[in-house]
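Please keep the sequence and coordinates open beside it.

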Amino acid sequence: MKIKNFALLAGVAGLLAACGGSSVVEPADLNDQRVFFAYNSAEISEEAQNNLLGQSLYMKNHEKTKIQIAGNCDERGTEEYNLALGARRANAAKKVLVKDGIDARRISTVSYGKERPLVKGTGESVWKYNRNATTTVK
């Protein structure tokens with residue numbers, strides 16, 4: 001019986017290893033934590049999900065911490081469009097934290113659209129950094 005249980009556990013461990021495991025890491029500080037987005041998207045990538053779950057872990061370990069998540073866009077698109085997209089990005093990030101158990105009252109959101117680029121310039125090598133949601137402690 002013990003050999004069967006060991007074999008089953010070994011199989012499960014192998015399956016988990018093959019899946020790559022989680023890369024959720026609690027950051028030392030939440031200020032300037034960023035998750036990045038694809039062009040014209042507010043969809044949370046796996047990398048962004050792991051980053052946000054790390055932020056959630058920090059907030060669980062620091063129960064009085066309140067944050068603001070700012071949605072940002074690249075320079076393309078109208079001001080109105082980018083403000084709306086930035087809001088969707090900030091809210092998508094907030095949704096991950098709330099789903100993981102963080103009280104929504106501890107998280108505010110704001111959209112800056114294309115008004116606060118992280119990197120100045122033009123072209124995809126720059127724009128990919130400006131499509132983000134940035135966390136700061138309040």
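Helices (H or I, at least four residues) and strands (E, at least two) are DSSP runs, numbered from the N terminus. The model is predicted, and local features need pLDDT of at least 70, side-chain atom pairs count only at pLDDT 80 or more, while totals for chains, interfaces and linings use all residues. Residues are numbered from 1 along each chain as its sequence is written, and side-chain values use heavy atoms, with hydrogens and water left out.

**Overall fold**

- The chain contains four helices and four strands, arranged along the sequence as α-β-α-β-α-β-α-β.
- Buried residues (under 20% relative accessible area, with exposed meaning over 50% and partly exposed in between, for a 1.4 Å probe and protein chains only) make up 34% of the 138 residues.
- Taking contacts (heavy atoms within 4.5 Å) between residues at least 6 apart in sequence, 78% join residues at least 24 apart.

**The sheet**

- The four strands build an open sheet of mixed pairing, in the order E1-E4-E2-E3; two strands pair if DSSP finds at least two bridges between them.
- Strand E1 (33-36) and strand E3 (107-113) are at the edges with a single partner strand each, so one side of each has no neighbour in the sheet.
- On average, neighbouring strands are turned by 20° against each other, direction ignored. Axes are lines fitted to C-alpha atoms, for helices over the stretch in contact, and angles run from 0 to 180 degrees between N-to-C directions.
- E2 (residues 67-72) and E3 run parallel and are joined by six bridges, whereas E1 and E4 run antiparallel with four bridges.

- Helix H3 (residues 79-99) lies across E2, E3 and E4, at about 155° to E3.
- The expected span of a helix is 1.5 Å times one less than its number of residues. For the 21 residues of H3 that gives 30 Å, which agrees with the 30 Å between its end C-alpha atoms.
- Buried positions in H3 are Asn82, Leu85, Gly86, Arg89, Ala90, Ala92, Ala93, Val96 and Leu97. They line one face of the helix, because they fall within an arc of 150° seen down its axis, the arc being that of the directions from the helix axis to the C-beta atoms.
- These buried residues pack against H2, E2, E3 and E4, while Glu80, Lys95 and Lys99 on the other side of H3 are exposed.
- Glycine 101 follows H3 and has a positive phi, near 110°.

**Serine 111**

- Serine 111 sits in strand E3 and is the bridge partner there of glycine 71.
- Its relative accessibility is 18%, so serine 111 counts as buried.
- Polar contacts are pairs of N or O atoms within 3.5 Å; within protein, one must be able to donate a hydrogen and the other to accept it, and residues adjacent in sequence count only if both atoms are side-chain atoms.
- The serine 111 side chain reaches the backbone oxygen of leucine 83 at 2.7 Å, and a polar atom of that side chain lies 3.3 Å from the backbone nitrogen of glycine 113.
- Apart from neighbours within four places in sequence, serine 111 contacts Gly71, Asn82, Leu83, Gly86 and Ala87.
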